[in-house]
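Here is a short tour to read alongside the sequence and the model. Keep the viewer open and follow along.

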Amino acid sequence: MEENNNYEHKTCVIDRHPVLKHLLYGFMALIGAFLAFYAVTDWYFKAMLNPVNQMKRMDKFIEKRDRQMEKAFKKAFHGTERLQERANHIIRLEQDEDAYKVLVDLMPLNDNEKNVEVKTNGKILTVKAAGIHGFGDRRSLVEFTQSYMFGDNVDLNQLTKERKGDMYIITIPIED
């Protein structure tokens, strides 16, 4: 038992000084926060500067730009497609056994055959039609042009023009 009584209880210097104990805990918390901040920042910068991640981000950016450009082109050319569709309803070409007929609807052209211009250049026939649309202050000029190229079996000098009701008919005879 004497041996147990001789046991000296050794205490640390920190246990004897409570201020030093609190300063050490504060220093350890500061070091822990710094190491955590450093680790997170290091992970972030490694991920940010990784070439694979940069390429993925660039690919996403390019895909987004492509979608925006495609949307802009569709929006810009949608009106052009509608105008072409309307032009095909206003000016159209039909073929019979003995002649080609270019039919021009005059209703969208203010019902006036003077708004239709027909020109020939060699084997090319160009039909240009224009009209004014709108009401009040909102008026707009609509103009359509169609060109047709014919083969050697057609002589454009023999074409005839006539009006039948609301249609302006240009007839080009086919030679045998």
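## The sheet

In what sense do E6 and strand E7 pair, and over how many bridges? In this predicted model, E6 and strand E7 (residues 167-173) run antiparallel to each other, and five bridges join them. Within that pairing, Arg 163 sits opposite Tyr 168 in E7.

Now zoom out to the sheet around them. Four strands form an open sheet in the order E1-E2-E7-E6, with antiparallel pairing. Its edges are strand E1 (91-95) and strand E6 (160-164), each of which pairs on one side only. From one strand to the next, the twist averages 25 degrees.

## Salt bridges

Together with Glu 113, Asp 111 and Arg 163 are linked in a network of salt bridges.

The count of salt bridges comes to eight. Among them is Arg 92 with Glu 94, at 3.7 Å from N to O. Arg 92 is partly exposed at 33% relative accessibility, and Glu 94 is partly exposed at 35%. Another joins Lys 74 and Glu 70, whose closest N and O atoms are 3.5 Å apart. These two are separated by about one helical turn because they are four residues apart in helix H4 (residues 51-90). Lys 74 is exposed at 54% relative accessibility, whereas Glu 70, at 46%, is partly exposed.

In one of them, Phe 34 and Tyr 38 are stacked, with 6.5 Å from centre to centre and 25 degrees between the planes. They are four residues apart in helix H3 (residues 18-49), so about one helical turn separates them. Both Phe 34 and Tyr 38 are exposed. Tyr 44 and Phe 45 make an edge-to-face pair, because their planes stand at 75 degrees with the ring centres 5.6 Å apart. Phe 45 is partly exposed at 40% relative accessibility.

Leu 30 lies in helix H3 and is exposed, with 56% relative accessibility.

Technical notes. Residues numbered from 1 in each chain as written. Predicted model: local features only at pLDDT ≥ 70, side-chain atom pairs only at ≥ 80, totals over all residues. Heavy atoms only, no water. Pairing = 2+ DSSP bridges. Axes fitted to C-alpha atoms, helices over the stretch in contact; angles between N-to-C directions. Phe/Tyr/Trp six-rings, centres within 6.5 Å; stacked < 30°, edge-to-face > 60°. Buried < 20%, exposed > 50% of the residue type's maximum accessible area, 1.4 Å probe, protein only. Salt bridge = Lys/Arg side-chain N within 4 Å of Asp/Glu carboxyl O.
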